[in-house]
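Student: Could you walk me through this one? I'd like to go question by question.

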Amino acid sequence: EGSDRGRSRSHSCSFPPTAADYAFAVNIRFWVLLALAVAARSFAAAPLEFVPGKGRLPFSDWAGPALPIWYHAPAKITPDTRIVFVMHGMARNGDEYRDQWSDLAAKYGFLLLVPTFGNADFPGFESFNYGNVIGPDGRRRPQEQWAFTAIERIFDQVKRSTGITAPTYYIYGHSAGAQFVHRLFFFLPNARAGKLISANAGAYMLPDFATEHPYGLKGSGVAEADLKIALTRPVMVLLGEADMDPNHRPMPRTPEANAQGLHRFSRGLNYFKMASEQTVKLGVPFGWKIATVPRVAHSNTLMAPHAAAHFFGN
């Protein structure tokens, strides 16, 4: 009986839809999609709630995959609290890097953030070490998909969530994280990093347009104007003086990497020297510094105190 009534109604409404019907349907669809987009955006941009001490929060307010952020927060976050990003190494072990920096965060009172770029979403060197800038086709990805852009977006959301008013952040990377960090100002010359430390990178993107990316700027999309800005920014190349094993397993051993030096220590010295020479050629002031740490090899744990001291005094 219900089926018969259903068919009767169907037959009685079989007139062809009018232009007004189409317009109504389109409007409904538009408002539904808009509501879904607003809801998704609101969910993605939900405030990050930091509890004192160690913790982990998700971050998804950017165009790339969701990122876990391992953190250490001070007992009280104030508008003057500094934000320090620490970039993990090739093991993508953000939790371990957070633990290695937690005592320093407590000592100096900063908010420590270790965003973690996992292998599943960011496989290989190109996706993390090199910032996810160049796609498999050799072309630049949209800037909103760059891993560097994620740092800027995290900075914005953390400030909104905490009331921190600092105009800049500090950022440090060790090993693979140093490869990430030393490229930041080249691809994002106006990144809001107030201090940047690249520690014990295995190889470098040289400030040289004759050398192919990722070992130089040729084909990277970096322009001379970008290079000029990058060379004036507050960068420190931090090197362990004992990081001199020419056969250390994670260190890149390609011909291009080997041309930079026999080991990480020599490669870092050569990188800084080339950058200094470029400032003379380009006629720009040199904003970079270099520092070495005696008796330390390839160890984030032993490099971290020296990096924190550079950030906060001494």
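Student: Is W288 buried or exposed?
Tutor: This is a predicted model, where local features need pLDDT of at least 70, side-chain atom pairs count only at pLDDT 80 or more, and totals for chains, interfaces and linings use all residues. Residues are numbered from 1 along each chain as its sequence is written, and side-chain values use heavy atoms, with hydrogens and water left out. Buried means under 20% relative accessible area, exposed over 50%, and partly exposed in between (1.4 Å probe, protein chains only). W288 comes out at 6% relative accessibility, so the word is buried.

Student: How do the rings of Y271 and W288 sit, and what do we call the pair?
Tutor: Rings of Phe, Tyr and Trp (its six-membered ring) pair if their centres lie within 6.5 Å; planes under 30 degrees apart are stacked, over 60 edge-to-face, and the rest tilted. Y271 is itself buried, at 1% relative accessible area. The two centres are 5.4 Å apart and the planes make 40 degrees, so this pair is tilted.

Student: How many residues apart are Y271 and W288?
Tutor: Helices (H or I, at least four residues) and strands (E, at least two) are DSSP runs, numbered from the N terminus. Y271 belongs to helix 9 (residues 264–282), while W288 is in the loop between helix 9 and strand 8. The pair links distant parts of the chain, and the separation is 17 residues.

Student: Which ring does R56 lie over?
Tutor: A charge sits over a ring if NZ of Lys or CZ of Arg is within 6 Å of the ring centre and within 35 degrees of the ring normal. R82 does this over Y170, at 4.5 Å from the ring centre. For R56 the distance is 5.4 Å, and the ring is that of W70.

Student: What is the strand order in the open sheet of eight strands?
Tutor: Two strands pair if DSSP finds at least two bridges between them. Strand 1 (53–59) and strand 8 (289–293) are the edges, each pairing on one side only. Pairing is mixed, and the order is 1-2-4-3-5-6-7-8.

Student: In strand 7, what is the bridge partner of I197?
Tutor: Strand 6 (residues 193–199) and strand 7 (residues 235–240) run parallel, paired over four bridges. The partner of I197 is M236.

Student: What average pLDDT does the protein chain have?
Tutor: pLDDT is the predictor's confidence in each residue, from 0 to 100. Residues 1–15 fall below 50, yet 85% of the residues score at least 70. The chain average is 89.

Methods: Contact = heavy atoms within 4.5 Å.
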